[in-house]
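Biologist: Please put the model up. I would like to go through it by question and answer.

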Amino acid sequence: MAIFKGAGVAIATPFKENGEVNYEEFGRLIEFQIENGTDAIIVCGTTGEAATMTEEEHMDVVKYCIDKVAKRVPVIAGTGSNCTETAIKLSKLAESYGADALLCVTPYYNKATQGGLVAHFSAIADAVNIPIILYNVPSRTGCNILPETAVKLCKEKKNIVAIKDATGNMSQTIKMMQLADGCIDLYSGDDDQIVPLMSVGGLGVISVLANVAPAQTHEICQKCLEGDYETARKLQFKAYPLVKALFSEVNPIPVKSALKMIGFAAGPLRLPLTEMEPENCAKLKEEMKKFGLI
């Protein structure tokens, strides 16, 4: 059974002006997501700024999210690391807190060979019992899970069940799905490619857009799941300008600005991320208005 089908939000983490996690506002954001049809919540991923959290903060945010959601939708905890032992530690803690699944990114900076990736993800899988979604985002990590490697992992480890594909490489994705023959659940990692990836067997998206447009992102996925690709395509095209504005600077800089525009105290970003450039922010605001969000 799939972990989820539809739109999973890669949820942002609100901070107070002093840099601490704003749990009250985080709770508001979680409730907003659930009320507007989000199908799953992915906590402490890239959008959640986990890279600038201490391990203690990271896991406190994961636990808060799990407890707040209270099984109303699946919660998927980001527990990846470029240190295998750290990834195992975080994954075991998330499992003990009640996470429904884990999102594990490829090792970044130190990278890995394909054999190293198999060993890394296998070690994590052997340490936990809950499902794992591989996260393939070579543009950030400098490390690519090749189709053969993804299929090998899913066939050899029963709890490695899915992949978040943010490669932007449809040829690679199609090859992977052809080789997988049904053993991999596919989620788009790019909001501008929801419909293309779902058309080749994807079950949904792990989305930045859903932070500010959860109902609309859910609808794109739902239409694909219903086989109504004509409507889904129109919805994807309508969202495209806003998606581009949300990625006019590195994620999550624009989406935190967008959250502020719809009334959330998203707070500052942690260095080395800085506030959005005024001209990009103005364009984002324009697209938010056109999309009917403000």
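Biologist: Is Tyr135 buried or exposed?
Modeller: This is a predicted model, in which local features need pLDDT of at least 70, side-chain atom pairs count only at pLDDT 80 or more, and totals for chains, interfaces and linings use all residues. Residues are numbered from 1 along each chain as its sequence is written, and side-chain values use heavy atoms, with hydrogens and water left out. Buried means under 20% relative accessible area, exposed over 50%, and partly exposed in between, with a 1.4 Å probe and protein chains only. Tyr135 has a relative accessible area of 8%, so Tyr135 is buried.

Biologist: In which strand is Tyr135?
Modeller: Helices (H or I, at least four residues) and strands (E, at least two) are DSSP runs, numbered from the N terminus. The strand that holds Tyr135 covers residues 132–136 and is S5.

Biologist: Which residues does the UniProt annotation "active site" cover?
Modeller: The annotation comes from an unreviewed entry. UniProt positions are given in the numbering used here, feature names are shortened, and annotations may be inferred rather than shown by experiment.

Biologist: Why do they gather at one spot?
Modeller: They span 30 residues in sequence. They still gather at one spot, because no two of their C-alpha atoms are more than 4.7 Å apart.

Biologist: Is Lys164 buried or exposed, and in which strand is it found?
Modeller: The relative accessible area of Lys164 is 6%, so Lys164 is buried. Contact means heavy atoms within 4.5 Å, and, not counting residues up to four places away in sequence, Lys164 touches residues including Tyr135, Tyr187 and Ile206. Lys164 is found in residues 160–165, strand S6.

Biologist: In what order do the eight strands close into a barrel?
Modeller: Two strands pair if DSSP finds at least two bridges between them. The pairing in the barrel is parallel; for instance, four bridges join S4 (residues 101–105) to S5. The order is S1-S2-S3-S4-S5-S6-S7-S8.

Biologist: What is the bridge partner of Cys104 in S5?
Modeller: Cys104 is also among the residues in contact with Ile132, leaving aside neighbours within four places in sequence. In S5, Cys104 has as its bridge partner Leu134.

Biologist: Which members of the largest nonpolar core touch the most other members?
Modeller: A nonpolar core is a set of buried Ala, Val, Leu, Ile, Met, Phe, Trp, Tyr and Cys residues joined through side-chain atoms within 4.5 Å. The largest has 85 residues. Those that touch the most other members are Ile41, Val43, Phe121 and Ile132.

Biologist: How many residues are in the second, separate core?
Modeller: Among its members are Ala40, Ile42, Val137 and Ala162. The count for this second core is 17 residues.

Biologist: Where is Pro252, and what is the peptide bond from Asn251 to Pro252?
Modeller: Pro252 is in the loop between helix H10 (229–246) and helix H11 (253–261). Most peptide bonds are trans. From Asn251 to Pro252, omega is near 10 degrees, and the bond is cis.

Biologist: What is the phi of Glu49?
Modeller: Most residues other than glycine have a negative phi. Glu49 is found in the loop between strand S2 (40–43) and helix H2 (55–69), and with a relative accessible area of 4% Glu49 is buried. Its phi is positive, near 60 degrees.
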